[in-house]
Amino acid sequence: MTLNENEITLTLNGESVRAWAPSRMHAADFLRQRLGRTGTHVGCEQGVCGMCTVMVDGQAVKSCLMLAAQLDGAEVRTVESLAEENGDLNALQQAFKRHHGLQCGFCTPGFLMLATSLAARGEPMSREQIRDEISGVLCRCTGYEGIVRAVEEYLQLQQNEGQVVEVEA
Amino acid sequence: MNEFVEAPAAPKETTRQEESLKHRLIGTSVPRTEDERLLRGDGRFTDDVQFAHQLEMAVGRCPFPHARILSIDVSRALELEGVKHVLTGEQVREQSAPLTVLRPVPGAPQLPYYALAQDKATYEGQPVVSVVAVSRALAEDAIELIEIEYEPLPHVSDAIAALEEGAPLLHPQSLASNLLASNGDRAGEPEARIEAADVVLRSRMRIGRVTPLPMETRGVVAVWRPGARELSIHTSTQVPHLVRKQLAESLRIGEECIRVSASDVGGGFGMKLGVYPEDVLASLHAMALRRPVKWIEDRMEHFRASTHGRESIHDYCLAADAEGRFVAMTNTYTTDIGGWNSPFGSSQLSSVIFTGPYRVADAAVERRVAMTNKTPVGAYRGYGQPEVNFALEVLVDRLARKLGKDPLALRELNMLRPEDLPWTVPSGAVYDSGDYLRTLRMAAEAVDYAAHRASPRVPRPDGRILGIGLSSFVERTGYASARFLANRGSKFGAHESVTLRANRSGTIDLYTGVSSIGQSSETAFAQICAEVLGVDFDAVRVHSGDTASSPLNTGAFASRTLIAAAGALREAALPFRDKTLRLGAWALGIAPEEAVIEGYEVRHRDDADKRVPLSDVFSRAILGQGIPHDETPGLETTAHFEPPSAAFSFGTAAAVVAVDPETGEFSVERFVMVHDCGVAVNPMIVEGQVRGALVQGLGAALGEELRYDAVTGQLLSGSMLDYAVPRAADVPPIELLHTEVPSPVTTFGVRGVGEVGTIPPGAAIANALCDALADYGVEFSALPITPESVWRALQAARESTQGAAA
């Protein structure tokens, strides 16, 4: 049945997508239930735990605090977009694996999307800053150490690559 | 063909030593196989399972801590378009039996805990009605349209008050009081020793109520095919085979009709141990509607409907001679189990390790299980051990202050030495082996304890005073045996099991009932299996948590998986290896003794040209072609293994705190953990487990608490906004040190590691605060410890000093 459904057009992981969603459906449920991207998880639906963190127009957002209708015209990136085209894990995912930055893995997509948005800022960050910046996503398994190490390594890698590009330019 | 292998006696010491010399994978930080899917968003958690024509369930819950249900009118809900089915208590009573208990308290009656409340509800959040509709949102709309008339009843939310004369009774038809049961253990003559002791300390210690809070809430998808008589359950559980048993009991159908699978589980921590009301409800709806029914717990429900942890009150008595030698110890503890008995009930483990790592022959413990109008309490990581560690270790420091002794020296004096082990504690459990003293000394050295003790407690320039606190512990990991469990009335065994099956691609399918909850068992199991077989790590594919494909097992809890599974893996792999060698040798025309397995091949020991791929060898076995005449076709082994005893992990933590003596504000500046879990199969995973559990322990020590309003009985901290779970920025610097004393009672010498971190933080921090504030004379007798509780302790100390002066 349709209960005030809206048509939504968005770019999802580089692909143009059109779908319908009830007015009261939040963006996380929309991504999972209507677009089949179940890598984005739902943990509290009140914007605290950060499991549902995705990138909307380049910013990390908690998609449980957005309505699906707000994604109309937006560019959305979810965890499914991160791996390299040849199927390999990207540098951030590899760093999480190397540093044991995940155990049950439920929070992992949220941290990966948050870290991706941090890297996009192109600023160096200390460990303390990283700890502050990632405090919007909770993890109950790891104690965060592996996550902090992985994000730190990835940000440094991005910094170095950025510098190389600048030199070449 | 199946080759069922009998569980053998404990492997001989020599065998283990020989094996440990040539370990190729055991002891290596192999990257986790689980990560590949989880990092790509390809995990399959319960809410990711989706069926065509699936319906969704919502649950209406009692808003009062204790209330009689006078009437329920569902008519308006049924009129809402899209609503398919509604259940009330009456129908549930007709169609199902009460939830059963896996770990009953000896002597406790079976309470009539139905999936929906009958004439009354005994906790806020107890399910009263359930609705299935085309969407969750619509099902919730329908719940709003159901009219329920409640008569609120007097409630009790404090466990001690609940046991007093005249307290409101929760279950008068089953129990004459709110005492569900009590039981105890004793050794020697503690009362006589206490009578004769030079020093006797008594204290009441309160441990707060917390929630395990896995990031994935509970969930269930139930699919019923009536013609096949098959109920297929996808659920987020640590114990698929036990859920199958309990569901069969509640639904009154045979276990053969039920398949339970848990693919990826987003954390459990003891909370996902067994059947909950919603599992039964989703099944009943699915059976009535013949359509798939999904229920995903939302976080507000989770705080009220999933079992809580810890809350208990410990009345400890520690008696010593003038030198500080412990002569007797007793602990009478009251656990608050809430409104109903949960599948795993109250913490028996507090009774097992209440004497800690100390030499005390005369000791007694008594457990009293109290019912209150709160959410049921169940297992939570550590499960009784952080509680008694806090009580005992705080008391040890208190004794040191009373006697004017150094807390480190007092622990040294009383600690069991390696030569004292094995040591039997009053419960009959046996500490297997270990060097407890070494961990104490390592922790002290790491924080420069001696220099700190020699310096005065003066404020730093920032006004804060430094203190160091120690906490030593012994932790039971795994279960002693099925016989030990039987004595306690447990409805589960102590064994683990695996099936290994060769496939035609030349790899090995490993089937286990252990679900993947973040503990990395898929990686560790493959390491052990590949180690014994001689194949590559990648040649073993682990299939977890499906009752239809795995041999019957026990499950992922009590730090027991590897304790038991290591043996099962070895006992299944050895005959698998031998048959592979026999068939491979036959194919090569050599003797089995000349053949070895390496990588993906069987080859001649000395002649590298004589080789045959495993895909060939396994295909021969599966086809029954090209094998010796006296061999049967097939290559598949199953082993069940029960360790002869529990393995006890041990260690010492040291906390360094800086506290402001005016405001009570404090921070943990360093936290050092020295820990021994025997042989570490994968050191990277061990570190992850210890760190993760430490942060949970720090959370419970420093702020997490489920508080109930004393007047209304309502949960006050029942959302993520109100419950202070540690964030990345809240975690103090943690340093880990390990010792490795192999356990003599397990295969490969492993000890459990999943829970240990939850144990020492509370006591170490309390002791550090007392050390820093030694000149003020503060004491702590409750967890959590917040700046407010430090400030109150300072006020109390000042008042008592002034009182003494006046």
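This is a predicted model: local features need pLDDT of at least 70, side-chain atom pairs count only at pLDDT 80 or more; totals for chains, interfaces and linings use all residues.
## A buried aromatic pair in chain B

Both B:Phe492 and B:Phe557 are buried. The charged end of B:Arg560 sits over the ring of B:Phe557, 5.7 Å from its centre.

## Aromatic pairs across the structure

Over all chains, the structure holds 15 aromatic pairs. One of them joins A:Phe111 and A:Tyr144. The geometry is edge-to-face, with 6.3 Å centre to centre and 70° between the planes. This pair links distant parts of chain A. A:Phe111 belongs to helix α3 (residues 108-120), while A:Tyr144 is in the loop between α4 (127-133) and α5 (145-168). The two are 33 residues apart. A:Phe111 counts as buried because its relative accessibility is 2%, under the 20% limit. A:Tyr144 is buried too, with a relative accessible area of 0%.

B:Phe492 and B:Phe557 also form an edge-to-face pair.

## Helix α12 and its partner α13

Helix α12 (residues 385-403) of chain B packs on helix α13 (residues 407-414) of chain B. The angle is about 110°, and the axes are 9 Å apart. An angle from 65 to 115 degrees counts as roughly perpendicular, so α12(B) is roughly perpendicular to α13(B). The contact uses B:Glu393, B:Val396, B:Asp397, B:Leu399 and B:Ala400 from α12(B). From α13(B) come B:Pro407, B:Leu410 and B:Arg411. The crossing is right-handed.

B:Val388 lies in helix α12 of chain B. It counts as buried, at 2% relative accessibility. Leaving aside neighbours within four places in sequence, B:Val388 contacts B:His314, B:Tyr316, B:Asn331, B:Ser350, B:Ile353 and B:Phe354. B:Cys529 is 141 residues from B:Val388 in sequence. In space, the two are 37 Å apart, C-alpha to C-alpha.

## Helices α8 and α9

Helix α8 (residues 240-251) of chain B crosses helix α9 (residues 277-289) of chain B at roughly 60°. Their axes come within 10 Å. That angle makes α8(B) oblique to α9(B). The crossing is right-handed. On the α8(B) side, B:Leu247, B:Ser250 and B:Leu251 make the contact. They meet B:Asp279, B:Val280, B:Ser283 and B:Leu284 in α9(B).

B:Arg290 is in the loop between α9 and β13 (293-296) of chain B. Its phi is near 55°, a positive value in a residue other than glycine. B:Arg290 counts as exposed because its relative accessibility is 58%, over the 50% limit.

## Helix α19 and its packing

In helix α19 (residues 614-623) of chain B, the buried residues include B:Leu614, B:Val617, B:Phe618, B:Ser619 and B:Ala621. The buried residues of α19(B) pack against several elements of chain B. Among them are the strands β20, β21 (508-512), β23 (595-598), β24 (601-604) and β25 (611-613). Helix α18 is another partner. Just after α19(B), B:Gly624 takes a positive phi of about 75°.

## Backbone details in the loops

Two cis peptide bonds deserve a look. One runs from B:Leu421 to B:Pro422, with omega near 0°. B:Pro422 is in the loop between α13 and β17 (423-424) of chain B. Another joins B:Leu783 and B:Pro784, where omega is about 0°. B:Pro784 is placed in the loop between β30 (782-783) and α22 (787-805) of chain B.

B:Asp448 has a phi near 55°, a positive value in a residue other than glycine. B:Asp448 is found in the loop between α14 (436-446) and α15 (449-454) of chain B.

Terms used:
Residues are numbered from 1 along each chain as its sequence is written. Chains are lettered from A and ligands numbered from 1 in the order in which they are written. Side-chain values use heavy atoms; hydrogens and water are left out. Rings of Phe, Tyr and Trp (its six-membered ring) pair if their centres lie within 6.5 Å; planes under 30 degrees apart count as stacked, over 60 as edge-to-face and the rest as tilted. Helices (H or I, at least four residues) and strands (E, at least two) are DSSP runs, numbered from the N terminus. Buried means under 20% relative accessible area, exposed over 50%, partly exposed in between (1.4 Å probe, protein chains only). A charge sits over a ring if NZ of Lys or CZ of Arg is within 6 Å of the ring centre and within 35 degrees of the ring normal. Axes are lines fitted to C-alpha atoms, for helices over the stretch in contact, and angles run from 0 to 180 degrees between N-to-C directions. Angles under 35 degrees count as roughly parallel, over 145 as roughly antiparallel, 65 to 115 as roughly perpendicular and the rest as oblique. A crossing is left-handed if the near helix is turned anticlockwise from the far one by less than a right angle, and right-handed if clockwise. Contact means heavy atoms within 4.5 Å.
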